[in-house]
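Reader: I would like to go through this model with you, beginning with the ligand and its surroundings and then turning to the packing of the chain. Could you take my questions in that order?

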Amino acid sequence: MPGILIIGASHSGVAAAAALRSAKYEGDITLVTEETVLPYHRPPLSKDALSKDGYSPTLLRPESFYTNNRIDLRQGSKIVSVNTAENYALSADGVRFPYERLILACGAEPRRLPPQIDPDGVAHYLRTQDDLTTMKAPLAKAKSVAIIGGGLIGMEIAAVALAQGLQVTVIEAGQRLMERTVSKSIAGYVLDRHLNKGLEVRFGAMVTSVMHDDSRNIDIVTLGDGGEIVADIVVVAIGATPHETLAREAGLNVENGILVSECGLTSNPAIFAIGDCSAWYDPDLDRYIRNEAVNPGQDQAKIVASKIVGLEMPPRRLPRYWSHQAAIQIQMSGDVNGADMEAVLNAPASGAFSVLGFNSDCLVAVQTINAPQQFGKLHDMIGMKREEIATVLDVEFPPPHHH
Ligand SMILES: Cc1cc2nc3c(=O)[nH]c(=O)nc-3n(C[C@H](O)[C@H](O)[C@H](O)COP(=O)(O)OP(=O)(O)OC[C@H]3O[C@@H](n4cnc5c(N)ncnc54)[C@H](O)[C@@H]3O)c2cc1C
C-alpha cells in the first residue's frame with residue numbers, strides 16, 4: 001500500500017516524517033536521500049565543525065528513530081524523475097518508489113562560479129558533509145583564505161578562520177555584508193567586530209577569475225578592477241539555488257523554488273513541497289517567499305503533516321534565522337530591511353543587545369546579538385505597536401533613529 005514518499009532527508013524531510021508520526025499517520029513513510037550518511041545538522045558545517053580536527057556529525061535523529069517510527073530511510077538513492085500519472089518516483093539505479101502523497105524536500109545547492117571564471121574548479125563550496133571533508137585538510141594547512149561572498153555562511157567561515165589565526169579576505173560584490181538577512185546597523189556592528197580581529201574586506205568587488213598558480217602553489221582571485229588577492233584556499237559562498245528540476249520536469253509550477261499554497265500544496269494535489277526547495281504563498285504579502293533556514297522548513301513540515309492527516313493547521317509562524325560568528329550570535333526574524341526606524345535595546349558596547357525595526361510604528365523585525373532570551377520574547381511581539389511594546393517590556397525607547 002503506497003503511503004507517503006519524502007524526497008530529501010535533511011532538516012525538512014526528517015521533520016516531515018517525524019511530524020507525520022506525531023500526528024498519528026499510520027501508513028508507510030519512505031524517506032529517500034541521495035546522501036550516503038545518516039541525516040545530520042547542516043549549520044555546524046560552517047561553524048564548530050570547520051575548526052575541530054576530528055569532526056563527527058551531529059545527527060538530526062539517532063538511527064533508532066527511523067526504525068522505531070517505521071520510517072524507511074533509503075540512503076544513497078538519487079531520484080531522477082517523478083511520474084505523476086502513475087504516482088511513483090524513479091531512482092538513478094532503477095528503483096520505483098510508489099506514493100499516495102509525495103513531499104518534495106530536496107533543498108538547495110550552492111550557487112557556483114561559472115566555468116569561465118573558475119575553469120579548473122579551484123574554489124571550494126560548503127553544503128554537505130562531503131564538502132566539509134574536502135575542505136578541511138587544505139584549510140588546516142592554510143595560512144590565508146579568500147572568501148567570495150559576504151553573506152551569513154561566508155561570514156561564519158571567515159569567523160572560524162580568523163579565530164584560527166588565518167589571514168582572511170572577504171570579497172563582496174555589494175556595498176555591505178549580509179545584505180539579504182540583516183539590517184545595515186547590525187551588518188555594520190558585525191563588520192567592526194571582525195575588522196578588530198584582522199579581517200580584510202573588499203566591497204563592490206567583482207571576481208573575474210580564480211586560478212591556481214603552480215609555481216608559487218597559491219590560489220589567485222582576480223577582480224574586475226585588475227586587483228589580485230592571493231590565498232592558500234578560496235571558498236565561495238554566494239547563495240544557493242533551489243533543487244527544482246524534478247518538480248519542473250513533473251510539470252509543477254516553479255519559479256525560484258517550487259511554488260506552493262499556504263498549506264504547502266504544489267500545483268499537483270498529491271504533491272507537497274517544503275524547506276529550501278519551496279516558495280510558499282504568503283497571503284499577507286500576496287507573493288511567494290522562499291526561505292533558506294532550518295526553522296521555516298520545520299514549521300512547513302508540521303503544516304504539511306497536519307494537512308495530510310486532516311488536523312487543524314498549526315498557526316503560521318514568522319521565519320526565524322540564526323548565525324554564529326565566533327563570539328557573535330545573531331538571531332533575526334521579520335522584514336529586517338523593511339523598517340523605516342530602528343530602536344536599540346541595551347548598549348551595543350555590552351556585546352548583548354537587540355535591534356527592533358519599526359515600520360509606521362509597528363514592529364516588523366527583530367534582530368538580537370547574544371540575547372537569545374530577549375529574542376524569544378521580542379519575536380512574539382512582531383506586529384505590535386511601539387507604545388504597546390514599551391509598556392509590556394517596561395522600557396523607554398531611546399529617541400528614534402530614522403533611516
Ligand atoms: C554551511 C551552512 C550553514 C548553515 N547555517 C545555518 C544556520 O546557522 N541557521 C539556519 O537556520 N540555517 C542554516 N543553514 C541553512 C540550512 O542548513 C538549510 O536551510 C536547511 O538545510 C534546509 O533543509 P532542507 O531539508 O529543506 O534542504 P537540504 O538541507 O538542502 O536537504 C535536501 C536533501 O535532499 C537531497 N536531495 C536533493 N535532491 C534529491 C534527489 N533528486 N534524490 C534524492 N535526494 C535528493 C539532498 O542531497 C539533501 O540531502 C546553513 C546551510 C549551510 C550549507
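**The ligand shell and the nonpolar cores**

Author: The model is a predicted one.

Reader: What distance separates an oxygen atom of the ligand from an N or O atom in the side chain of Asp276, and what percentage of the area that the ligand exposes when taken alone does the protein bury?

Author: In the side chain of Glu35, an N or O atom is 2.6 Å from an oxygen atom of the ligand, and for the side chain of Lys47 the distance is also 2.6 Å. For the side chain of Asp276, the corresponding distance is 2.8 Å. Taken alone the ligand exposes 1000 Å², and the share of this that the protein buries is 95%.

Reader: Which element gives the largest share of the largest nonpolar core?

Author: This core has 52 residues, and those touching the most other members are Ile6, Ile7, Leu20, Leu31, Ile103 and Leu104. The largest share of the core, seven residues, comes from H1.

Reader: Which residues does Ile6 contact, leaving aside its neighbours within four places in sequence?

Author: In soluble globular proteins, nonpolar side chains tend to be buried together. Ile6 is one of the core residues that touch the most other members. Leaving aside neighbours within four places in sequence, its contacts are Gly13, Ala16, Ala17, Leu20, Ile29, Thr30, Leu31, Val32, Ile103 and Ala105.

Reader: Is Ile148 buried or exposed?

Author: Ile148 is found in strand E9, residues 144-148, and beyond four places in sequence it touches residues including Leu113, Ile171, Val234 and Ile238. The C-alpha atom of Val234, 86 residues away along the chain, is separated from that of Ile148 by 7.5 Å. Because its relative accessible area is 5%, and the limit for burial is under 20%, Ile148 counts as buried.

Technical notes
Residues numbered from 1 in each chain as written. Predicted model: local features only at pLDDT ≥ 70, side-chain atom pairs only at ≥ 80, totals over all residues. Heavy atoms only, no water. Polar contact = N/O pair within 3.5 Å; in protein donor to acceptor, adjacent residues only side chain to side chain. Areas by Shrake-Rupley, 256 points an atom, 1.4 Å probe, with all protein chains shown as cover. Core = buried A, V, L, I, M, F, W, Y, C linked by side-chain atoms within 4.5 Å. Buried < 20%, exposed > 50% of the residue type's maximum accessible area, 1.4 Å probe, protein only. Helix = DSSP H or I, 4+ residues; strand = E, 2+ residues; numbered from the N terminus. Contact = heavy atoms within 4.5 Å.
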